[in-house]
Amino acid sequence: MSRRIALRLGAAGAAAAAVGVGRAKVMPRLRERGLANPDGMIDAASIQLTDATFTEVFPTSPLILNPFTDLLLVQKAEAPIPVTDLDPPPGPGIGQQNSFGNETHQLWTSDIGFPDPIFYRHKWELATHSFTSSQVLPIDDNGKPTQSFDAQGHTFPAGTVRTLPDSVIFSHNGQMPGPLINAEYGKPVLVRFENHLTENPQNLDTQDFGAPDFSALIHLHNGHTAPESDGNPHYAMTAGPKHRGFPPGSYVDQLYLNFPAGFDDREKVSFWWYHDHTMDHTAANVYKGLFGMYPFYDPKDGRDDGDETTGLRLPGVRTDRPDGAFDVDFDIPLAFFDVRLEDGVTLHNDFHDVEYPAAKNPRTHPEWWGKTFFRHFPDHGFVGDVFTVNGTAYPVLEVKRRKYRFRFLDASVSRIYDFQLMTSTKGPKSAVSLGYGGDELQGQYRIQDGQQCMQFHEIATDGGLLPLPIVRDNFELWPAKRREVIIDFTKFMDGTPTTKGDEIYLTNVMKMKDGRMWDKSLRFSPDPNYKIPVLKFVIGDIAEDNSLIPTTPMREIPPVPSNWQSMLNDRLIFEVQRGSASGEIEWLINGKPFDPFNVLNSMQNPAGQSPPATPRKNSFGIWEIRNGGGGWVHPMHLHMEEHRTLMRNGKSILPNSPDRAHPDDISMEDLVALDPSESVVIYRGFRDFVGPYVVHCHNLMHEDHAMMFAWSIIS
């Protein structure tokens, strides 16, 4: 029985259970959760239905006893390899794009007058990963010490301090995050991705999550690439491997030409990332480690080339290496990722257990104690209770007394963050020691006396550099979103200078107990005690600093047609909706689950038409993305190009009046952040390539439960 048929059967079963739930309960705070509308009672009942039908018991991770002692991983750039290391060699010829010999690169570097690619080789392989070197104390959901286990079947009594075992991951070349690729405009990159996931010389236990057939598929988010190099399920299922991903023993050459859409310098971006996109198992594969970062530099006129003495003079000291790569000091990518660790007593009873017969679920797994835990269900989302940065839980970074550029990425499956910079007199205290339990243990540590001490100067979003920096006290970071900021570590926001040894905490202030949406945030009902330190900065010695915080325009935003409002009647409309039976069992768009073999039609627009999502090459268009229900937020990602936001909830964003809750609407972005019941109208292009792409929710649990649709560019 196919997974999607099983979903529908599950939805039908949930409908029967709904009789006893119906409208018996009403969610609190209806308005902020988008439920204060005619459908709000139905939406609230849908949430209660899911909670009443499916038991969602998750483990409480062992308490990390010594946070902020492990150093932050600051990655060096991956070294290129000679093309002779790739056998057979990549190239522009027919059948030279993958191991199946059935695809050809739509454009090669010579077609656009660019030099030969820089080559990399990424092996998808099993590996192990340690989130912390700290000792840990096993605790239950009330924060009380509890028993623990090991892989040999031994039981340890409550109160025993333990060392965490390494978790088993799917990796790029054994790393999590995967290798850092520093890229430049005008210098194409080709990565050969090889699937070695079934090779297991260490006899590692792969547990009960990750693609069950060990397939993988890598998407360069939001690469301006041809479909065969985009790594999307629409392409994978209809061309390429004709499977949900590339299976073990196969490879694919993905060519990133590294030119802006339409060769328009205004379309240049500055921070991409790569992650798995296997159909139905994207969340599991990303959570298991298949992601990495791809910062972008613009050498034209030295504008943003990593050298703070030229161009915009953004923080960065560049070193060109003999191996062909380059590193940039004081310019640090940060991947935020929440994880939940196995307690050995939580029942594994998942909707998708049939996919992992070796696990013999439903049962408990004491042999996996301390390793990563994942549940494919619930499909409203999955959040962890341990926060990591670049793969390390609660790391520390000693910074010089100067300005730094940080590139923030939310690599979490579902969690949204809201970051502030804080000082704390008392320092981090465990939530357990403060008397918290249950969901309040998420994040493990708090600085309840934390006070904002510095501001961020935001310089870039998903779509690259902003016209001018935005001074931010805090900023939200949604799944897959990127934000780039400058932090000046020489002084506090009141003007007083920092001194060596000062400690500053990057702090998450958004409480989000499950994957639906926040429970408390600075925008809605903030919790003054929810201040979770995620990364500690320790001020070191003063250092030379030739960088500047820009005061002149950094990048012109591409224009939209002056008559765009007259084009609204012909827009394409796509609405996220609940599946059958009104439960959170399956997510639909325009009433349909993801179908990789057929593009989706728009809902009927004001012109009375329902056109298919088949834009013509080098055309532009207006699309509307709607959140069709309350109680959930959806980060909707559109592949292949960035967009301009025209309207949010019927209010024009142009020329420069963004929604107060979404100030980044004035920038170029590749992800639409949809609050409950919101509607966003965007303008975007479809340039340079033809073929299949997708739109999907980047709450990856939603994507894996059908919240995705196929579209294709035609010639």
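In the predicted model, His637 stands opposite Leu671 of strand β38. This pairing belongs to a set of four bridges that join strand β34 (residues 634-638) to β38, the two strands running antiparallel. Strand β38 covers residues 671-674, and both of its faces are covered. Leu671 and Ala673 are buried on one side, and Val672 and Leu674 are buried on the other. In a regular strand, side chains alternate between the two faces of the sheet.

Lys651 is located in strand β36 (residues 651-652). With a relative accessible area of 52%, Lys651 is exposed, since the threshold for that class is over 50%. The C-alpha atoms of Lys651 and Ser679 are 9.9 Å apart in space, while the two residues are 28 residues apart in sequence.

Strand β25 (residues 456-461) is mostly covered, with five of its six residues buried. It pairs with strand β26 (residues 464-472) in the antiparallel sense, through five bridges. Within this pairing, Phe456 is placed opposite Arg472 of β26. Strands of a sheet pair through backbone hydrogen bonds, in either the parallel or the antiparallel sense.

A further set of four strands forms an open sheet with mixed pairing, in the order β8-β13-β12-β10. The edges of this sheet are β8 (183-184) and β10 (218-221), each of which pairs on one side only. Strands β12 and β13 run antiparallel and are joined by five bridges. Trp273 stands opposite Met293 of β13.

The structure contains 50 aromatic pairs. In one of them, the ring centres of Phe259 and Phe689 are 6.1 Å apart and the ring planes are at 45°, so the pair is classed as tilted. Phe259 lies in the loop between β11 (251-256) and β12 (271-276), and Phe689 in the loop between β39 (679-686) and β40 (691-697), so the pair ties together parts that are 430 residues apart in sequence. Both members are placed in the buried class: Phe259 has a relative accessibility of 2%, and Phe689 has a relative accessibility of 1%.

A second pair is formed by Tyr297 and Phe326, whose ring centres are 5.3 Å apart and whose planes are at 75°, so the arrangement is edge-to-face. This pair links distant parts of the chain, with Tyr297 in strand β13 (residues 291-297) and Phe326 in strand β15 (residues 326-329), 29 residues apart. Tyr297 and Phe326 are both buried. Phe326 also takes part in a contact with a charged group: Arg318 lies over the face of its ring, at 3.8 Å from the ring centre. Another arrangement of this kind involves Arg402, whose charged end sits over the ring of Phe330, 3.9 Å from the centre.

Over the whole chain, the protein has six helices and 41 strands. Its radius of gyration is 24 Å, close to the 27 Å that the globule rule gives for 715 residues, so the protein is as compact as a globular protein of that length. The C-alpha trace spans about 65 × 65 × 55 Å along its principal axes. Of the 715 residues, 63% are buried. Among contacts with a separation of 6 or more, 80% are between residues 24 or more positions apart.

The mean pLDDT of the protein is 91, and 91% of the residues reach 70 or more. Confidence is under 50 in pLDDT over residues 1-28. For this segment, the model has 50 contacts beyond four places in sequence.

Definitions and conventions. Residues numbered from 1 in each chain as written. Heavy atoms only, no water. Buried < 20%, exposed > 50% of the residue type's maximum accessible area, 1.4 Å probe, protein only. Pairing = 2+ DSSP bridges. pLDDT = per-residue confidence, 0-100. Contact = heavy atoms within 4.5 Å. Phe/Tyr/Trp six-rings, centres within 6.5 Å; stacked < 30°, edge-to-face > 60°. Lys NZ or Arg CZ within 6 Å of the ring centre and 35° of its normal. Rg over C-alpha atoms; globule rule 2.2 N^0.38 Å.
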